[in-house]
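User: Please go through this model and say what each term rests on.

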Amino acid sequence: MDCTTTLSLGDPLDSARKATAEMLRERDSSFSLPQPFYNDERLFKIDMQTIFEKEWLIAGMTCEIPAKGNFISVQIGDNPVIVVRGAEGKVHAFHNVCRHRGSRLCVSDKGKVAKLVCPYHQWTYELDGRLLFAGTEMGDDFNMADYSLKPVNVKTAGGYIFISLSDNPPAIDEFLATLSHYMEPYDMENTKVAVQTTLMEKANWKLVIENNRECYHCAGSHPELLNTLLEWDDVTDPRATQAFKDQVAECTTRWEQNDIPYAHASFGLRNRIVRMPLLKGTVSMTMDGNQGSKKLMGRITDPDLGSMRILHLPHSWNHCMGDHLIVFTVWPISAQETMVTTKWLVHKDAVEGVDYDPVNLRKVWDATNDQDRILAEESQRGINSKAYQPGPYSKTYEFGVINFLDWYSERMLHNLGEAPALRQVSGS
């Protein structure tokens, strides 16, 4: 069947949702998505409502809010959110919206406050969201208890802060327990963000994730990354060589001796954790493969831990090495614009200029991120053409992309209230 359903310009959003569900039910799951999924603004709005306002997202790292009053803020589509450390170390998340006239409370990306004070009319909130001050102008019958900040679901695990805008978010506790176990050697509460970058890409967010989920393009596009990265996801990767499997066996013996978790752990198609070796003779994702930070993370004593890869759909991938971690998050801006943030984390006692050089730490992924930006933007330009139609994925080289779009399709149909089963159809 031809997957060329389009959204007519006159369709209201409700009709667009029905058309979206129909395209997902009819698509061939081994082919890329129909064009509107990559460039239609109404479908982008549905993405935001159905995926980014329903699923769990990584807002940041607990080390970014180490003490009472520390906060970070993120923007999820039209929804500003603040995450703040409250009393007794508790992490809270709220819609960053004053209950008076709707102004944002915190206008910076991060900071430290004693109370949350709206800059517009100085309404003041406790760090747990309670309204403390609104002024006598509101009248004697005004009840401050009715105007607490609106909470956002928040959970922490393994140094990560997860938030969900949904009133009924999907179950995630099993993954978070496993994540905490795998992150234990890193002692994430005693880390810091050494470098952070933000990259704007003129491409749909799904193209950014699709590009990340395969290394089919790596040999032709990422010379810096391939100085250290072995492209196979696991020993079960259909392309994995015997030499690679032998290297994995050798490394896992050493990791077991040091009580370092490494085994593949998956939670449906949304989450996976696995530790894989780097190229022999290298220990970190730097240009020369040497340590990017002389001070190792947590209780780690052996720098040769390869890279523990963490996937969290819809928007994050991570590389965890013995000396530093790299956390990537993808934030949709519009149908054809996406923001990618990258954070390099080191031991909190590592000294810049002594233990690590920020330029050296970031060089490989600065190059790789920009190369990926170009690839995603060129894909977007081609997809915008009237000549575009869904193309076939390689089931060996691009199985990660197929997995991502299967997850995306299932969650979209589920959250749209539609039957999640995909029909296999012939590609044309």
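Analyst: Two strands count as paired if DSSP finds at least two bridges between them; helices (H or I, at least four residues) and strands (E, at least two) are DSSP runs, numbered from the N terminus. The model is predicted, so local features need pLDDT of at least 70 and side-chain atom pairs pLDDT 80 or more, while totals for chains, interfaces and linings use all residues. Residues are numbered from 1 along each chain as its sequence is written, and side-chain values use heavy atoms, without hydrogens or water.

User: How do you know that β2 and β5 pair, and in which sheet do they lie?

Analyst: Strand β2 (residues 70-76) and β5 are joined by three bridges and run antiparallel. The open sheet has four strands in the order β4-β3-β2-β5, with antiparallel pairing. β4 (91-95) and β5 (110-112) have a single partner strand each, so they are the edges, and one side of each has no neighbour in the sheet. From one strand to the next, the twist averages 25°.

User: What makes β11 and β17 a pair?

Analyst: Ten bridges connect β11 with strand β17 (residues 337-347) in the antiparallel sense; the definition asks for at least two. Thr-191 is set opposite His-347 in β17. Both strands belong to an open, antiparallel sheet of seven, ordered β11-β17-β16-β15-β14-β13-β12. Its edges are β11 (191-201) and β12 (265-267), since each has a single partner strand. The average twist here is 15° from one strand to the next.

User: Which helix lies across β14, and at what angle?

Analyst: Helix α4 (residues 173-183) lies across β12, β13 (271-276), β14 (307-312), β15 (316-320) and β16 (325-334), at about 160° to β14. Such angles run from 0 to 180 degrees between N-to-C directions, with axes fitted to C-alpha atoms, for helices over the stretch in contact (heavy atoms within 4.5 Å).

User: Why is His-264 called partly exposed?

Analyst: The relative accessible area of His-264 is 36%. Buried means under 20% and exposed over 50% (1.4 Å probe, protein chains only), so 36% falls in between and His-264 is partly exposed. His-264 sits in the loop between α7 (242-257) and β12. Beyond its neighbours within four places in sequence, it contacts Asp-234, Arg-272, Ile-273 and Val-274.

User: What makes a set of residues the largest nonpolar core, and which members touch the most others?

Analyst: A nonpolar core joins buried Ala, Val, Leu, Ile, Met, Phe, Trp, Tyr and Cys residues through side-chain atoms within 4.5 Å. The largest holds 70 residues, and Ile-76, Val-83, Ile-163 and Tyr-408 touch the most other members. Helix α9 (residues 399-415) contributes the most, eight residues. Another core, of 31 residues, lies apart from it, with Met-61, Phe-175, Ile-260 and Leu-345 among its members.

User: What volume has the largest cavity, and what lies in the largest pocket?

Analyst: On a 1 Å grid over the protein atoms alone, a 1.4 Å probe fits in a cavity but cannot get out, whereas a pocket is open, with protein on both sides within 12 Å along at least five of seven lines; lining residues have an atom within 4 Å of a point. The largest cavity has about 380 Å³, and Asn-212, Arg-213, Glu-214, Asp-233 and His-319 lie nearest its centre among 28 lining residues. The largest pocket holds about 620 Å³ of space. β16 supplies the largest share of that pocket's lining, five residues.

Definitions and conventions
Points joined across faces, edges and corners; volume = space filled by probe spheres on them.
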